[in-house]
Amino acid sequence: MSYTIQGTPKISYIPKPLHFGQTGKPDQGNIQHTPQNGVWITTERSPAKVGGLGEVSKTIPEAFAQFMPKKDLRIIVPYLGKHRDDDESKKAALAQGKTDVSEQDIFQPTGAQLNFETDDGRQARLEVLQKFEDATGFKEHNQSRKDGEKVGNWVYALRNDDYFMGKNEYGVEAEKGLSDYTYSPEAGEFDKVMLFNKGAKELVPLLDGNSTDPRAARLSRFNNLHKAQAFPDKKGVKAPANQDFRKNIDFVITHDWLTGAVSNELPDLPYTRKHFVVHNMFDKEQAPHVALRTGLLTPPRLFNQERTFSALNAGIEPSDSIWVNNNFKKTVLESTLPNGAPFINTLRQKSEAGRTHNLHHGLSLDYTASGPQAPACLEESYTAPPNSGKKGWLSQAQSNQQKLTQNLNTLNEKAKNLKAANKTQELKLLNKSITKAKADLNKVTIQIKAAQAGHAAGLAKGDDTPYQFQKLAVNEGQTLPTPAQMQTFKAANKAALQKKLGLKQDPDATIIAWAARLDPRQKNVYLFMKSVEEILENDPEGKVQFVVVGDTSDPQIIEWINGINKKYNTDKGENRVYIPNVFANQDEVKQINAGADFTALPSLYEPYGLTQLEAMKMGSLPIVHGVDGLRSTVSDPEMNEKLKALTPPDEWEAVWEKDQNGILMEPVDIDECKAYIDDRQDFEALQALKSKLDQSKEPLPKDDPTTLADWKKKQDEALKALMGKMEGLASTFKHKLESFQLQSTELNQALQKLTADGTLTPKRETELNLKIQWLKQQTMENSPLSRRAQQAQAAYQEVLKNPDTLETEYERIKKLVEPDENTNVKAAAKLTHAIHRGIDLLKDKEKNSQIRIDAIDYVNTEHDWKNILQKYYQPALENDSLDTEIRTSRSKELKELLEIQAALKPPGPENKSYAQTRPGASAKPSGFSETMRYYWNTFWNMNQKFWAAIGRLVSLRKD
């Protein structure tokens with residue numbers, strides 16, 4: 001069936017989806033809720049995802065579609081490489097006549113375009129694509145809906161391949177898309193994200209069913225018939241003239257630094273609420289000259305008191321409500337992040353004004369180990385049974401390996417031709433593609449080698465049966481497995497996992513899994529690495545095995561991975577570790593959780609966390625640090641009492657009254673660990689740059705074709721990089737001091753205000769005074785931080801005056817950041833202790849099976865999407881209060897700034913590097929002072945003209 005979209009020609013690719021609830025039938029089994037139109041804006045959404053944001057941006061809107069169908073939620077995403085690959089795959093399936101896909105599953109062009117021009121004259125055009133996407137996590141509901149409506153959401157994708165296909169500074173296309181280069185200012189990531197923000201801001205009004213813009217007629221827009229009787233609402237908000245409230249947009253949801261600017265730029269309308277979700281405390285700060293040069297935001301919005309554009313603050317400040325896990329909010333508000341002052345203070349103001357809402361997550365329904373919703377990957381064989389006609393995992397991986405090998409050979413042939421033609425620049429870009437192709441091939445080769453070794457080990461023991469993952473078998477009518485069923489499930493999948501990954505086939509071995517980024521700062525991978533070393537060293541019988549799926553580009557962590565693999569692995573399928581430096585896909589993670597005994601997540605902070613929930617659903621017990629969302633979800637009787645004693649229970653949200661569902665490690669000193677991580681990363685980076693400089697000074701080999709000029713250039717670049725790092729460290733210490741001083745001043749002001757208002761509780765007064773006292777101690781003249789700042793600055797200045805002192809001053813700065821390894825040793829000991837507690841737990845099979853069953857029961861009941869939506873999301877969305885104070889302030893500020901903007905011509909590009917003002921940035925923030933000088937001169941000229949005009953008026957009056 002086809003249908004007409006707003007008067008445009010019939011489009012055959014979308015069957016008519018009766019907009020949720022339009023049949024007028026009662027919503028059977030759904031939450032009773034207010035009809036609303038909403039927009040969800042995100043830079044990543046499965047399958048184009050990097051982390052948890054991409055996952056929840058899929059599951060939450062799907063849960064809305066199923067359980068709250070009167071809330072018509074539309075999603076806006078950038079069209080990334082994964083979307084393109086997914087579309088191409090489905091087109092190929094259609095061409096082959098496959099019936100499990102249709103044209104409606106593919107993004108289609110609408111003909112609507114959004115055109116932008118940056119201040120330095122660059123053109124940026126966004127093509128708007130759309131499709132109606134089934135709620136894949138609720139497939140069984142699609143089959144059982146009695147009213148015949150489709151369950152899913154409209155998704156709009158903004159396409160610009162030059163920006164959004166994830167090309168980095170080398171011209172190489174990223175595997176995952178836009179956010180691969182979030183941390184690379186030189187890759188122009190700020191431009192990419194802000195272009196998407198600008199496009200989303202322009203697209204949102206077009207989705208309003210009342211829009212008269214010609215481009216809007218080409219889109220599927222809001223027309224929620226359920227809203228016809230719902231307005232005017234209880235606040236008496238009237239629809240604008242000639243508009244219908246059922247077509248208006250009631251709320252817009254944005255996330256983190258990546259889309260916060262959309263909230264900042266959207267008009268403050270009385271009938272549209274702005275909601276901002278905090279998933280992480282990472283901020284993106286840019287100097288005004290960088291933000292202005294992109295031209296992708298309205299310039300007046302870019303300035304704040306700190307004289308930089310804080311992308312996270314831009315989302316928090318204008319929003320009517322902030323969604324953040326209560327525990328994580330407490331962590332953020334107590335944070336001493338040196339670059340966190342702007343958004344921390346704004347979040348505190350929102351919290352004190354009662355504008356924050358507790359955030360919880362659930363899982364897609366295919367995250368279950370039993371029943372018809374259990375994923376197909378739990379039926380996957382490594383080697384297909386003889387004469388089955390099926391392709392096992394191993395043969396599929398070998399086929400993939402062959403394709404990757406052919407691709408690499410093609411690239412190498414192109415490189416050979418470019419080299420012969422002396423096309424240096426093209427060759428440089430192609431070499432980066434070759435590096436990526438080699439990495440892709442290496443990943444699959446590692447997996448194949450491990451599987452072949454595991455299979456060979458089985459054959460050597462006379463076991464030629466194909467190993468296969470198994471679903472959790474339960475009898476009809478059972479909601480939970482019995483301990484015996486759980487033991488059978490775990491034993492079968494442990495054997496399958498060991499064979500697939502080439503681990504020693506030992507049913508009594510304990511498998512500890514890690515399924516997260518190998519990230520030192522948040523995930524605390526340094527602590528995990530130390531614990532792995534200790535446990536393996538003290539386990540001569542090889543009864544503990546580690547499966548680590550996550551990737552990193554950190555050379556020091558890669559060196560550790562190579563060393564640990566070499567020490568504890570063989571080619572005979574008797575391995576003790578599987579650490580391929582590969583980020584596993586969701587199917588592989590499910591298999592790992594089904595086979596592993598425990599999943600470690602010792603994060604220093606965790607905004608909420610899905611890893612621990614995913615592990616529980618597959619019968620793997622989480623071993624976690626009791627912070628933030630991890631404390632909100634994991635109960636461990638042995639540690640609950642200790643945590644209660646450390647922090648009063650009324651201050652934290654926890655599940656201490658629940659049955660045990662995991663293992664909590666003892667709390668580590670988070671501030672100490674953060675300092676250790678900072679120092680270690682700086683120390684290793686400094687050493688690496690010095691080593692690179694030393695290597696560049698080595699004499700050229702006689703057979704090296706490098707010219708003397710190129711050799712000298714290499715030396716200069718290495719020296720510049722080392723000097724930049726030394727300067728960055730000096731500025732980092734100084735920045736921390738300034739930040740602590742600023743926070744101390746602001747907390748004093750807050751204390752005075754609360755005292756004057758009479759709203760200060762004794763407990764809050766004590767907290768503030770302790771924090772102020774600590775900040776003052778850190779900034780005293782003789783404090784360790786102050787001494788480090790002075791010495792680092794002196795060392796850097798000395799090298800500038802006398803380059804011959806580089807060796808001496810390098811050693812001086814290196815000592816300032818040399819990490820205290822004892823800090824990591826102490827923290828790692830706590831994780832090691834928690835892991836040994838888990839190993840001891842395995843000795844009682846009945847008890848540990850019951851805990852796994854309780855973990856599944858906990859997720860099924862406490863993280864059921866219907867309950868979560870009703871308890872957390874519905875109250876937040878249907879709270880119709882507006883932050884009138886901030887809206888009034890912003891309206892006045894914007895009017896003043898627009899007047900200034902009208903009189904100013906923005907400065908042109910000052911340099912081509914995307915330099916940041918974040919702490920430790922190597923690029924000099926010289927552009928900022930040049931920009932401010934420009935504005936100062938302009939304002940001065942305007943001031944002179946203004947008084948000159950006043951003088952003329954006075955003269956005319958006298959005459």
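Student: Which helices do the buried residues of H22 pack against?

Tutor: They pack against helix H9 (326–333) and helix H21 (708–757). Keep in mind that this is a predicted model.

Start with the helix itself. H22 covers residues 762–779, which makes 18 residues. From its first C-alpha to its last it reaches 26 Å, close to the 26 Å expected at 1.5 Å a residue. Its buried residues are Leu 768, Lys 771, Ile 772, Leu 775 and Thr 779. The spacing rule is simple. An α-helix has 3.6 residues a turn, so residues three or four places apart point the same way. On the other side of H22, Pro 762 and Leu 770 are exposed. The buried side is the one to follow on screen, with H9 and H21 as its packing partners.

Now step back to the chain around this helix. The protein chain has 29 helices and 17 strands. Of its 959 residues, 54% count as buried. The chain exposes about 43100 Å², and carbon and sulfur atoms supply 50% of that area. Take the contacts between residues at least 6 apart in sequence: 75% of them join residues at least 24 apart.

The whole structure holds 44 of them. In one, the side chains of Glu 379 and Lys 471 meet at 3.2 Å, N to O. Glu 379 lies in the loop between strand E11 (356–357) and helix H11 (393–420), and Lys 471 in the loop between helix H12 (424–460) and helix H13 (483–501), so this pair ties together parts that are 92 residues apart in sequence. Glu 379 has 44% relative accessibility, so it counts as partly exposed. Lys 471, at 26%, also counts as partly exposed.

Another salt bridge joins Arg 837 and Asp 636, with the closest N and O atoms 2.7 Å apart. Arg 837 is in helix H25 (residues 821–842), while Asp 636 is in the loop between helix H18 (628–631) and helix H19 (637–646), so the pair ties together parts 201 residues apart in sequence. Both Arg 837 and Asp 636 are buried.

Next, Glu 807 and Lys 690. Their side chains meet in a salt bridge of 3.2 Å, N to O. Glu 807 belongs to helix H24 (residues 806–816) and Lys 690 to helix H20 (residues 670–696); the pair links distant parts of the chain, 117 residues apart. Glu 807 counts as partly exposed at 40% relative accessibility, whereas Lys 690 is buried, with a relative accessible area of 7%. Elsewhere, salt bridges that share partners join Arg 45, Lys 58, Glu 62, Lys 131 and Glu 133 into one network.

Aromatic rings come next. The structure holds 12 aromatic pairs. One of them is Phe 132 with Trp 154, which is edge-to-face: 5.7 Å centre to centre, with 75 degrees between the planes. Phe 132 lies in strand E4 (residues 123–134) and Trp 154 in strand E5 (residues 152–159), so the pair ties together parts that are 22 residues apart in sequence. Both Phe 132 and Trp 154 are buried. Ring pairs also link Phe 64, Trp 323, Trp 865 and Tyr 873 into a cluster.

Glu 55 lies in helix H1 (residues 52–67). At 12% relative accessibility, Glu 55 falls under the 20% cut-off, so it counts as buried. Leaving aside its neighbours within four places in sequence, Glu 55 is in contact with Lys 49, Gln 586 and Leu 610. Asn 409 lies in helix H11. At 47% relative accessibility, Asn 409 counts as partly exposed. Asn 409 and Ala 437 are 28 residues apart in sequence and 9.7 Å apart in space, C-alpha to C-alpha.

Back to the helix you asked about.

Notes. Residues are numbered from 1 along each chain as its sequence is written. This is a predicted model: local features need pLDDT of at least 70, side-chain atom pairs count only at pLDDT 80 or more; totals for chains, interfaces and linings use all residues. Side-chain values use heavy atoms; hydrogens and water are left out. Helices (H or I, at least four residues) and strands (E, at least two) are DSSP runs, numbered from the N terminus. The expected span of a helix is 1.5 Å times one less than its number of residues. Buried means under 20% relative accessible area, exposed over 50%, partly exposed in between (1.4 Å probe, protein chains only). Contact means heavy atoms within 4.5 Å. A salt bridge is a side-chain nitrogen of Lys or Arg within 4 Å of a carboxyl oxygen of Asp or Glu. Accessible areas come from the Shrake-Rupley method with a 1.4 Å probe; for residues, only the protein chains shown count as cover. Rings of Phe, Tyr and Trp (its six-membered ring) pair if their centres lie within 6.5 Å; planes under 30 degrees apart count as stacked, over 60 as edge-to-face and the rest as tilted.
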